[in-house]
Amino acid sequence: MHYKFEYKEEGGNWQTGTQGNDTNGSKTVTFNVPKDNTTYKIRVTITDGAGNTGTSSEVSIKTQLANTPPYNLTTNCSSKTTTSMTIQARAYDDDSPAQTLTYKLYWGGSTTAMDTKTGTSGNYVTFTPKTGLAEYTTQTYSWRVEVTDSKSNPISATGKDRTYCSGTGLTCYPVKTTCSSCFRGTSWLPNSW
């Protein structure tokens, strides 16, 4: 038997996708159509050895939207104490149907992820707080977040921040002031700056 698979866009002309001869009673065909996120009509015409021809009913199939990698990844320190920090991240993805985004947090220069979270486009994910940190006077802590939609290479963003100051010795916050005992938020201000 001879078969001919055809496809067309709505209102377009029929295009031959695949044709050939086959003695098997069933046939699986893959179409390489030119457009994503588009509805196509598909039909097959069969001709037997005696020259008899029959054409199937038309079937409508919509192709998926081509994959769009995540974009606009941002990170920040959403909360902190004198010994801990909580990092959050957000990225966007325009795929339809919506894809799950996977975020990984790397602390400092580590190549091993400290935490992994999943989320959807435009929504923040919050990682497990990093604890055991030294307070403000010691150092600035840095992090890196990677995000992927599992179909494209990860993109990354970095950030850095300091923990809060406990107020011990009143020498933590580098802001000049003339008051003898000032307090801003959870950080003490020294009177010697």
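Visitor: Why is Ser 150 called exposed in this predicted model?

Guide: The relative accessible area of Ser 150 is 66%. Exposed means over 50%, so Ser 150, at 66%, is exposed.

Visitor: Where does Ser 150 lie?

Guide: Ser 150 lies in the loop between S11 and S12. These two strands form a hairpin with six residues between them.

Visitor: What makes the phi of Ser 150 worth a remark?

Guide: Ser 150 is not a glycine, yet its phi is positive, at about 75°.

Visitor: Why is Asn 72 called partly exposed?

Guide: Asn 72 has a relative accessibility of 47%. Buried means under 20% and exposed means over 50%, with partly exposed in between. The value of 47% falls between these cut-offs, so Asn 72 counts as partly exposed.

Visitor: What is the phi of Asn 72, and where does this residue lie?

Guide: Phi is near 55°, a positive value, and Asn 72 is a residue other than glycine. Asn 72 lies in strand S6, which covers residues 71–80.

Visitor: How do you know that S11 and S12 pair?

Guide: Pairing takes at least two bridges. Seven bridges join S11 to S12 (residues 155–161), so the two strands pair, and they run antiparallel.

Visitor: What makes S8 and S11 a pair?

Guide: Six bridges join S8 (residues 101–107) to S11 (residues 141–148). The definition asks for at least two, so S8 and S11 pair. Their direction is antiparallel, and Tyr 103 stands opposite Val 147 in S11.

Technical notes
Residues are numbered from 1 along each chain as its sequence is written. This is a predicted model: local features need pLDDT of at least 70, side-chain atom pairs count only at pLDDT 80 or more; totals for chains, interfaces and linings use all residues. Side-chain values use heavy atoms; hydrogens and water are left out. Helices (H or I, at least four residues) and strands (E, at least two) are DSSP runs, numbered from the N terminus. Buried means under 20% relative accessible area, exposed over 50%, partly exposed in between (1.4 Å probe, protein chains only).
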